[in-house]
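Subject: A structure to look through

Dear colleague,

I am passing on a structure that I would like you to read through with the notes below beside you. Please look at it first, and then follow the notes one region at a time.

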Amino acid sequence: MSDTLRITLLQTDIVWEDKAANLCRVQRHLEGLCGKTDVVVLPETFATGFSMHPETLAEPWQGEVITFAKQWAARYGVALAGSFIAYADAAATRYANRAFFLTPEGEEHYCDKRHLFRMGDENLHFAAGAARPVIHYKGWNILLLVCYDLRFPVWSRNVDNEYDLLIYVANWPASRRKVWDVLLQARALENLSYVCGVNRTGMDGNHIVHNGGSCLYSYKGERLASVPDGQEGHATACLSLPALRDFRTKFPVWKDADRFQLYV
């Protein structure tokens with residue numbers, strides 16, 4: 001158990017549908033982070049981009065992308081979070097935008113993106129997730145969600161302080177950047193939680209521009225770390241669990257929160 005957690009936002013460009021190039025790109029960044037952080041957060045579909053060609057890009061959980069990611073976690077001593085295009089069933093007939101959290105100790109956690117971006121036809125190519133597991137790591141409780149999930153506060157709701165850190169991995173377009181900025185901070189304030197959002201930069205294969213905006217907010221809505229817009233790079237912040245718990249005790253808004261019944 002650790003009272004503090006070092007978390008790194010790794011904002012990258014993504015070469016369209018080129019796993020080899022993207023895996024090499026991420027590995028170069030990770031080599032410089034060994035021993036300097038506990039958790040590294042990657043963008044959504046970091047190895048392929050937000051492609052609607054899952055029939056050619058999808059992998060099983062033991063495929064190339066996750067195999068490399070597990071090796072990185074062990075080699076560099078960091079937990080890794082992100083998402084990849086996965087088979088959603090054993091028959092490999094359905095696909096999922098699958099978030100992962102892999103630890104250097106060999107623990108693996110997965111959940112599928114719940115809200116599929118219909119304006120980009122994601123709902124026509126992928127199956128929606130139904131589970132929202134809270135990950136337990138180093139004494140911290142972590143919820144991992146994907147991109148469009150940010151727009152839906154009920155799915156992100158922190159009932160009875162079940163999580164301490166909320167992570168969103170994304171391919172969020174520059175044209176809707178204001179929404180990204182506003183909602184990340186709002187999720188931190190309304191849920192009394194640290195909130196981390198990691199987005200990509202660069203232009204994708206559909207000529208959609210992304211300018212980053214990767215940022216980490218405190219439970220008070222304070223910006224603790226960010227990566228400059230339009231640049232590849234990383235930023236690290238150290239989070240305090242005692243400080244979070246002390247604030248929740250002194251300002252127990254969560255006790256008066258509405259409860260919601262989720263139907264999935």
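Which residues are buried in helix α6 (residues 241-250)? Please keep in mind, here and throughout, that this is a predicted model. In α6 the buried residues are L241, L244, F247 and R248. Seen down the axis of the helix, these buried residues of α6 fall within an arc of 130 degrees, so they line one face. The face of α6 turned away from the buried side carries T249 and K250, which are exposed. Over the buried residues of α6 lie other parts of the chain, including β7 (140-146), α5 (177-191), β9 (194-198) and β14 (233-240). At the start of α6, a side-chain oxygen of S240 comes to within 3.2 Å of the backbone nitrogen of A243.

Next come the cysteines. The count of disulfides is zero, and the distances show the reason for C111, because its sulfur is 14 Å from the closest cysteine sulfur, that of C147, which is too far for a bond. C147 is in no disulfide either, and the nearest cysteine sulfur to it, in C196, is 13 Å away. Leaving aside neighbours within four places in sequence, C147 is in contact with E44, K113, V169, A170, N171 and W172.

What is the phi of C147? It is near 40 degrees, a positive value in a residue other than glycine. As background, most residues other than glycine have a negative phi. D160, which lies in the loop between β7 and β8, also has a positive phi, near 55 degrees. D160 is partly exposed, with a relative accessible area of 42%.

The loop between β7 and β8 (165-169) holds D149 as well. D149 is buried yet has no salt bridge, and the nearest side chain of opposite charge, that of R114, is 6.8 Å away. Not counting residues up to four places away in sequence, D149 touches K113, R114, H115, W155, S156 and Y168.

How many salt bridges are there? The count comes to 15, and three of these pairs are described here. D13 forms a salt bridge with R200, in which the closest N and O atoms are 2.7 Å apart. This pair links distant parts of the chain, since D13 is in the loop between β1 (4-11) and α1 (19-31) while R200 is in the loop between β9 and β10, 187 residues apart. D13 counts as partly exposed at 25% relative accessibility, whereas R200 counts as buried at 0%.

In another pair, K70 forms a salt bridge with E108, with the closest N and O atoms 3.4 Å apart. K70 lies in helix α3 (residues 64-76) and E108 in strand β5 (residues 108-112), so the pair ties together parts that are 38 residues apart in sequence. K70 is partly exposed at 27% relative accessibility, and E108 is partly exposed with a relative accessible area of 30%.

D112 forms a salt bridge with R98, and here the closest N and O atoms are 2.6 Å apart. D112 lies in strand β5 and R98 in strand β4 (residues 95-102), so this pair ties together parts that are 14 residues apart in sequence. Both D112 and R98 are buried. Besides these pairs, salt bridges that share partners join E44, K113 and E122 into one network.

The remaining residue to look at is T201, which lies in strand β10 (residues 201-203). T201 is buried, with a relative accessible area of 5%, and its side chain reaches the backbone oxygen of H210 at 3.4 Å. Leaving aside neighbours within four places in sequence, the residues in contact with T201 include Q11, T12, D13, I14, H210 and N211.

With kind regards

Note on methods: Residues are numbered from 1 along each chain as its sequence is written. This is a predicted model: local features need pLDDT of at least 70, side-chain atom pairs count only at pLDDT 80 or more; totals for chains, interfaces and linings use all residues. Side-chain values use heavy atoms; hydrogens and water are left out. Buried means under 20% relative accessible area, exposed over 50%, partly exposed in between (1.4 Å probe, protein chains only). Helices (H or I, at least four residues) and strands (E, at least two) are DSSP runs, numbered from the N terminus. The arc is that of the directions from the helix axis to the C-beta atoms. Contact means heavy atoms within 4.5 Å. A polar contact is a pair of N or O atoms within 3.5 Å; within protein, one must be able to donate a hydrogen and the other to accept it, and residues adjacent in sequence count only if both atoms are side-chain atoms. A disulfide is a pair of cysteine sulfur atoms within 2.5 Å. Lys and Arg count as positive and Asp and Glu as negative; His and the chain ends are not counted. A salt bridge is a side-chain nitrogen of Lys or Arg within 4 Å of a carboxyl oxygen of Asp or Glu.
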